[in-house]
Protein chains: 2
Amino acid sequence: VIVTLAGGVGAARLLAGMVQVVKPTDITAVVNTADDMVIHGLYISPDIDTVTYTLAGISNPETGWGMAGETWVTMHELELLGGTTWFRLGDRDLATHLYRTQRMSEGASLSQVTSELAASRGVGVRIVPMSDDPVRTRLSVEIVPPDGGADGIPLLRSAGQEQIDITIEEIGFQQYFVKQRHQVPVRAIRFAGAENARPAPGVLEAIATATHLIVSPSNPLVSIAPLLAIGELRDMLATRRDHNVAVSPIVGGVALKGPADRLLVEMGHESSAVGVARLYAPWASTLVIDNADAALAPRVEAEGMKCIVTDTVMSTPAKAASLAKVTIDACE
Amino acid sequence: VIVTLAGGVGAARLLAGMVQVVKPTDITAVVNTADDMVIHGLYISPDIDTVTYTLAGISNPETGWGMAGETWVTMHELELLGGTTWFRLGDRDLATHLYRTQRMSEGASLSQVTSELAASRGVGVRIVPMSDDPVRTRLSVEIVPPDGGADGIPLLRSAGQEQIDITIEEIGFQQYFVKQRHQVPVRAIRFAGAENARPAPGVLEAIATATHLIVSPSNPLVSIAPLLAIGELRDMLATRRDHNVAVSPIVGGVALKGPADRLLVEMGHESSAVGVARLYAPWASTLVIDNADAALAPRVEAEGMKCIVTDTVMSTPAKAASLAKVTIDACE
């Protein structure tokens, strides 16, 4: 069995490549749930949904979230009502959240519901949340005083703005990522609940017995780090360090999607494959980096990781399959 | 100010008639909330929504619930997922429940949200829940043993079925009304939470100072009775008994809509205007009955209520306006 540690879009693309080269039922994806949130009373699990929708072939390739061919009747009506609409929920997508919330209110675990939804969508890959316990990414961000904002809404400071009366406020991941479009400086990141969270049922066993363990090209600080914040999961990964292969999500110093590059710098790391190597070296032995970063290979190796150089930009399904094959081979 | 005690469809029609003959802002509707429930994590308030949608001119006249011109994308998708779909929620209608649930999770009371939604919909009538505290109608219904049902789902006994191994199960109002289509025998009705519930802010004041108090032609046992189950509300109504006018929802022995007739008989009452008079006489002085029941007028009066005979079937807006005028005049 191949175990893949997964965030959102990057992981979903790699998994979509993987199912082209190995049997889907031989793959287990352990997915970040620290981005989960409750809005409108609905339990939303964005990374699990992105992975599930992508593997089901129903994801929206343009947005990187939600379903293809969506309609927006409910959101449009909610706008007319003056409701909370910064987190866009399409009409079909809503069914996923209604289903999950209802099942969890009936006592089902997130693992169970995730498995039910994957089965309903015809997904063969085993998709498992990292934990059934709540772990939530909280970001301390810089804010200018409330009177700087219209309608009494605190105006979050954007990068480069003059540093006047900065205060720090801790916000949830989706507030940072979606509402603020990750355009505000981050001072600190923590994973609330991680200290008491246990890996979801089967996660430790899957990692312990995996023939291959692959870390997706997901955000190291907010997609992969939450998994590592669960002590038992991190320890289990470390025991098999020499067989763990990671893909760098940073290419040519920048993130292909999202704020990974900016967050790395804000948290005092280098925004490069080398910065990623420093973070992953304690529990992974090989880093796959992009051809564009070939010159960094010696520095990655200096961090104690083997380095494989290939095309990591999954711009087509064929390229995703090719990258999947390289990472699988690298585990052997 | 005219205060109207309201359930769902019957009340909504009378209110729609009332706004044709008096200023909407001179009307306060105190609405039953004992039918409220949480499903898919969403807080649903069916009677408040029926009243609001009807007064906003956006209700679905064919179903008696939901919005006109609805689409069903989310429900269709939820069906594909094998989710809970017996309670139909249209795409536009869903926005109401998302809005309400989000605002309540932010700390808003049901009263506040009800008022916000009415304002957004351009409704001039003041719509107030009977209480901001949870009061829930619970019905003890007859069930045959689980092995009688397919898929392990208890098969509820329908009227006339042979009486074998009957057990009693207490279910929620929507389970009875929508899921079982009110086709199962009811042995008992209670309003859980009523003993500790307080009338919503402004309700007692509105009743105390109302120039007119009108009881809608709603189900006496599950739409009007929950209001009476709140002690302070019942006491306040009783203090002004001689100025309270009710409309019988039973015409020619049957309910125009819903299970009021059947429930009256099951609870040991007479399914007629006389049965309604017996229930309302302690706190209302006048009963408006239909022309079809003219012969019952002496029996209604024998129960201690004045009796007004008119056309109570609101089959057109003009007839609703006419009935509204008769009830208003009856208060004077």
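Cavities and helix packing

Author: Helix H2(B) contributes 4 residues to the lining of the largest cavity, the most of any element. Helices here are DSSP runs of H or I with at least four residues, strands are runs of E with at least two, and both are numbered from the N terminus. The model is a predicted one, in which local features need pLDDT of at least 70 and side-chain atom pairs count only at pLDDT 80 or more, while totals for chains, interfaces and linings use all residues. Residues are numbered from 1 along each chain as its sequence is written, chains are lettered from A and ligands numbered from 1 in the order in which they are written, and side-chain values use heavy atoms, with hydrogens and water left out.

Reader: What is the lining of the largest cavity made of?

Author: The lining consists of B:Ile48, B:Asp49, B:Thr52, B:Tyr53, B:Thr96, B:Arg100, B:Thr114, B:Leu117 and B:Arg121. A cavity is a set of points, on a 1 Å grid over the protein atoms alone, where a 1.4 Å probe fits but cannot get out; lining residues have an atom within 4 Å of a point.

Reader: Which helices supply at least two residues each?

Author: In chain B, those are helix H2 (46-56), helix H4 (91-105) and helix H5 (110-120). By class, the lining has 3 nonpolar, 3 polar and 3 charged residues. Ala, Val, Leu, Ile, Met, Phe, Trp, Tyr, Cys and Pro count as nonpolar, Asp, Glu, Lys and Arg as charged, and the others, Gly among them, as polar.

Reader: How many cavities are there in the whole structure?

Author: The search finds 2 of 30 Å³ or more. Volume is the space filled by probe spheres set on the points, with grid points joined across faces, edges and corners.

Reader: And what lines the second largest cavity?

Author: A:Ile48, A:Asp49, A:Thr52, A:Tyr53, A:Thr96, A:Arg100, A:Leu117 and A:Arg121 line it. Two or more residues come from each of helix H2 (46-56) and H4 of chain A. H2(A) gives the most, with 4 residues.

Reader: Back to chain B. At what angle do H2(B) and H4(B) pack?

Author: The angle is about 125°, and the axes are 12 Å apart. Axes are lines fitted to C-alpha atoms, for helices over the stretch in contact, and angles run from 0 to 180 degrees between N-to-C directions. H2(B) and H4(B) are therefore oblique to each other. Under 35 degrees counts as roughly parallel, over 145 as roughly antiparallel, 65 to 115 as roughly perpendicular and the rest as oblique.

Reader: Which residues make that contact?

Author: From H2(B) there are B:Ile48, B:Asp49 and B:Tyr53, and from H4(B) there are B:Asp93, B:Thr96, B:His97 and B:Arg100. Contact means heavy atoms within 4.5 Å.

Reader: Now chain A. How do the axes of H4 and H5 cross?

Author: H4 (residues 91-105) and H5 (residues 110-120) of chain A have axes that come within 10 Å and cross at roughly 140°. That makes H4(A) oblique to H5(A). A:Thr96, A:Tyr99, A:Arg100, A:Arg103 and A:Met104 in H4(A) meet A:Leu110, A:Gln112, A:Val113, A:Glu116 and A:Leu117 in H5(A).

Reader: What about H8 and H11 in chain A?

Author: H8 (residues 220-228) and H11 (residues 273-280) of chain A pack at about 15°, with axes 12 Å apart. H8(A) and H11(A) are therefore roughly parallel to each other. A:Pro220, A:Leu221 and A:Ile224 of H8(A) make the contact with A:Val276, A:Leu279 and A:Tyr280 of H11(A). By class, that contact has 6 nonpolar, no polar and no charged residues.

Technical notes: On a 1 Å grid over the protein atoms alone, a cavity is a set of points where a 1.4 Å probe fits but cannot get out, and a pocket is an open set with protein on both sides within 12 Å along at least five of seven lines; lining residues have an atom within 4 Å of a point.
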